[in-house]
Amino acid sequence: DVDVIVVTDGSRILGLGDLAANGMGIPVGKLSLYVSAGGIDASRVLPITVDFGTDNQKLLADPNYIGYRHPRLHGEEYYALIDEFIKAAVSRWPDVMVQWEDFALPKARHILEKYRDDYLSFNDDIQGTGSITAATVLAGVRAQGRGVEGIKDTKLIILGGGSAGIGIADQIVDAAVKYGADINEARKNIYILDRDGLLGPGIPMREEQECYSKLDVPAGSNLLEVVKAVKPHGMIGVCGVPGLFSEEVLKALAEGCERPMVFPLSNPTSCSETTHELAIEHTNGQCVFASGSPFPDMEHNGAMHWASQCNNAFIFPGLGLGIIACGATVIPDALFTAAATAVAEFNTPEEIAAGKLLPRMADLRAVSRQVAIATIKEAQALGIAKDMSDAEALVDAAVWQPEYAEVVSTYGGKLQC
């Protein structure tokens, strides 16, 4: 039997683009984290790449390329094959959870919305990234001394309006609503800039972007103009363009907020919107920092400053474990908000005050357990869990522990183990 499938079409692998069949390492790597961090049985996971061809001319010309040598399928042919895949998977394993991974826009959003209510499925790039970023923002609000409930009044700029940026905005809005905000007011506090500047009237927008259109700042405004006008509590970068959190932008951010959040989340490091060192230098040590790629901690003016890594691995392994353990039937956004809150509250108040926003990677197994428990409790409260037993007991019973048979041989008349 299979409990978890991670599937990709290889069209948007990290910041590397269309790798097609060469993207198979991503599903394998994600499932390795389900096993090592979440404790899901290694024999019950399945990585899949659906090969639609590729528009990457270098791959098509490479004699050693292992995939389908054909321009990538699009339109009805593409969606028909996706439909055939998920129906076949669920026919074979009715309770399997499917994680959509590294699908390019607009297909990623379309696939998520089409299947989320009928199949146990989610998109990690949209919902997982949104959830861990919401967790980091909740922790950042704690570091600003406003408590997690302060998220309902938190103004943020998101640089990048793709699947990750909109997913992040949606999850932050969900968290704000959880703590008492009106959904429309929560959306007003999120300022999203895409390639044409600030989203607003006259700027081309996709359907999912329209609710973040702004009237209080001129549409098309650049990042510095928005920072000066809004005086946000923080900035989040998911545009993949290095250096856009410039010295001038960071100084303006620090002028408007005593302890701003600076979160350059683009991967790999070469695509990061700024570095930890520059963020600390240009905010004069005021900011709290988290990034998508790891940066070293550093000392500035005699004080230590911590670089947290905003990594989806804090979310999806525990989320998956909780879903499997309680037999959840669907995966609503509320489960991601519960997971985000569990991660945001993992570190102690003393650690948060010092700027350590997220747990250490060494704590990943313990974090996943807390996320799984929070996921189960939320699923039970929503009435979508088949098993209403104690959440902690369900998690502990579901965790797979590798047990190896003792191998004994004899050599030279002596017992060797």
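The legends below describe close-up views of a predicted model. Local features need pLDDT of at least 70, side-chain atom pairs count only at pLDDT 80 or more, and totals for chains, interfaces and linings use all residues. Residues are numbered from 1 along each chain as its sequence is written, and side-chain values use heavy atoms, with hydrogens and water left out.

**Figure 1. The open sheet of 7 strands.** The strands follow the order S7-S6-S5-S8-S9-S10-S13, with mixed pairing. Strands (E, at least two residues) and helices (H or I, at least four residues) are DSSP runs, numbered from the N terminus. Two strands pair if DSSP finds at least two bridges between them. Strand S7 (197–198) and strand S13 (307–309) are at the edges and have a single partner strand each, so one side of each is left without a neighbour in the sheet. S13 pairs with strand S10 (residues 288–291) in the parallel sense over 3 bridges. In S13, alanine 307 stands opposite phenylalanine 289.

**Figure 2. Strand S8 (residues 234–237) and its two partners.** Gly234 and Ile236 on one side of S8, and Met235 and Gly237 on the other, are all buried. Buried means under 20% relative accessible area, exposed over 50%, and partly exposed in between (1.4 Å probe, protein chains only). Strand S5 (residues 156–159) runs parallel to S8 and is joined to S8 by 4 bridges. Isoleucine 236 in S8 stands opposite isoleucine 158. Strand S9 (residues 261–264) also runs parallel to S8, again with 4 bridges. Here glycine 237 stands opposite proline 264 in S9.

**Figure 3. Helix H9 (residues 247–256) between S8 and S9.** Together S8, H9 and S9 make a right-handed β-α-β unit. Right-handed means that, with the strands pointing away from the viewer, the path from the first strand over the helix to the second runs clockwise. The buried residues in H9 include Val249, Leu250, Ala252, Leu253 and Ala254. Among the elements that cover the buried residues of H9 are helix H8 (223–230), S8, S9 and helix H10 (276–282).

**Figure 4. Histidine 305 in strand S12 (residues 303–305).** Histidine 305 counts as buried because its relative accessibility is 11%. Leaving aside neighbours within four places in sequence, histidine 305 is in contact (heavy atoms within 4.5 Å) with His276, Ile280, Gly285, Asp297, Met298 and His300.

**Figure 5. The largest pocket, with about 1400 Å³ of space.** On a 1 Å grid over the protein atoms alone, a pocket is an open set of points with protein on both sides within 12 Å along at least five of seven lines, and lining residues have an atom within 4 Å of a point. Of the 47 lining residues, Arg12, Ala164, Val238, Ser266 and Asn267 are the closest to the centre of the pocket. H5 (124–143) is among the helices that supply at least two residues of the lining, and the largest share, 5 residues, comes from H5. By class, the lining has 19 nonpolar, 18 polar and 10 charged residues. Ala, Val, Leu, Ile, Met, Phe, Trp, Tyr, Cys and Pro count as nonpolar, Asp, Glu, Lys and Arg as charged, and the others, Gly among them, as polar.

**Figure 6. The largest cavity, with a volume of about 40 Å³.** A cavity is a set of grid points where a 1.4 Å probe fits but cannot get out. The lining consists of Ile151, Thr154, Ile172, Val173, Ala176, Ala186, Asn189 and Ile190. Helix H6 (residues 163–178) gives the most to this lining, with 3 residues.

Terms used:
Grid points are joined across faces, edges and corners, and a volume is the space filled by probe spheres set on the points.
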